[in-house]
Each structure stands twice: as structure tokens, then as C-alpha cells.
Amino acid sequence: MDLIGFCIALGVCLLLKSLGHLPNVTTRVVDYNERIPFLRQLNTTSQTDIFIGMHGAGLTHLLFLPDWAAIFEIYNCGDPGCYSDLARLRGVKYFTWPEEKIHLIRSDEEGKHPQSGEKHLKFANYHVDPIEFREQVKSMVDHVRAHPKFINSRRAQRRKEAEMEAEKQKKEL
Ligand SMILES: *[C@@H]1O[C@H](CO)[C@@H](O)[C@H](O)[C@H]1NC(C)=O
Ligand SMILES: *[C@@H]1O[C@H](CO)[C@@H](O)[C@H](O)[C@H]1NC(C)=O
């Protein structure tokens, strides 16, 4: 079990490294497992502008993202409608790997359903091209930065910070 966690984390860390330094972007890896209280998960998600993951139930967290957020389903494992529909219903922007660049995703072995043993795209490990990954994330960053609600929220935040600073200085006088 630990080994699986390690392998997953290693892949995620490699992708994270491929992002390099994106100005004013903070990246974070989360593993929303049963040991992390649900309220804490929601707290984290609600403060996230860009949410990235493979196809899987974890992506339902998109329901709790801010209005300006974007979600990246790195690969939909042959199930294109599920999270793109949910994102549309929630009103957050959906990104996925472009169909014309699908050759840049590959798996080591054919996925097999754990019960039926039949061929199944959802049960394989995938490697994705880090350069294309970075390009996708960069266009997501641009999307969020241009979103009017994001711009307004940043403005409100700056105003609040300035007020708090002014308040602090008044107290120091
Ligand atoms: C990053 O943040 C700084 C300080 O708020 C700002 O001056 C700069 O323009 C930002 N850069 C980008 C690419 O958003
Ligand atoms: C939510 O996260 C912020 C930090 O981003 C923290 O200060 C706050 O205490 C958290 N709230 C809860 C209910 O966990």
C-alpha cells in the first residue's frame, strides 16, 4: 500500500516539477483520503483556483471550487462526459488533454477491471508529457486571471489588506 502511495506521489511530484516556476502561482499536492476530515478538504478546495487530477471521484470536489476556478481532468480514461458535464452544471471551466495530442499520454500496460478482468482504461497507470502538461496549466492560469470574478475577489482582498494595514498603523501611533 505504501509503495502504491509512493509511486503515485512520485509521478505527481515529477509533474509538479515540470511546472517549474509559474509567477504568483502556489502549487500544492493533496491526497484527500479518509484520514483528512471532510471539512478540511472543503476548506482547501474552496481556496483553490485550479484543481488538477486524473479521472476519478476526487474530481467531484469541483463542486466546491470558487466560481472563477478551472478544473483539469488530465485524462478522462474514455469517459469524456462525466466531469465535463459536472463542471458545466457547476459553472467552472473544464480542461482536459487535447484529443489531437492524446499520443502524449501512454500507459505501461493494458488496464484491467479488478473484478471482471476485462480491458478497462480506468485501471491503468499513465505517463503524461510534462511539456504539454505545463502548456495546459499555463492556459488555465491565464483563464483564471482574466475571469472577472477572480479580478474582483483579488481587488476586494487587496482592499481588505490595505484597511487592516491602516488600522494597524493607527494603533501604533
Ligand atoms: C505577481 O505579483 C506581483 C505583486 O503583486 C505583481 O507586481 C506582478 O505583476 C505579478 N505577476 C504576474 C505575472 O501576475
Ligand atoms: C481554512 O484554511 C485556512 C488557511 O488557508 C485556515 O486559516 C482556517 O483555519 C481553515 N478553517 C478551517 C475550518 O479549517
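Tutor: Ala, Val, Leu, Ile, Met, Phe, Trp, Tyr, Cys and Pro count as nonpolar, Asp, Glu, Lys and Arg as charged, and the others, Gly among them, as polar. This is a predicted model, in which local features need pLDDT of at least 70 and side-chain atom pairs count only at pLDDT 80 or more, while totals for chains, interfaces and linings use all residues. Residues are numbered from 1 along each chain as its sequence is written, and chains are lettered from A and ligands numbered from 1 in the order in which they are written.

Student: Which classes make up the shell around ligand 2?

Tutor: A residue belongs to the surroundings if its C-beta atom, placed from the backbone, lies within 6 Å of the molecule. Around ligand 2 these are Leu39, Arg40, Asn43 and Gln47; by class, one is nonpolar, two are polar and one is charged.

Student: Is Leu62 buried or exposed?

Tutor: A residue is buried if 20 or more other C-beta atoms, placed from the backbone, lie within 10 Å of its own, exposed if 12 or fewer, and partly exposed in between. Leu62 is buried because 23 other C-beta atoms lie within 10 Å.

Student: Which residues is Leu62 in contact with, beyond its neighbours within four places in sequence?

Tutor: Contact requires C-beta atoms, placed from the backbone, within 7 Å. With those neighbours left aside, Leu62 is in contact with Phe51, Ile71, Tyr83, Leu86, Ala87, Arg90 and Val92. Leu62 and Arg90 are 28 residues apart in sequence, yet their C-alpha atoms are 7.7 Å apart in space.

Terms used:
Two residues are in contact if their C-beta atoms, placed from the backbone, lie within 7 Å.
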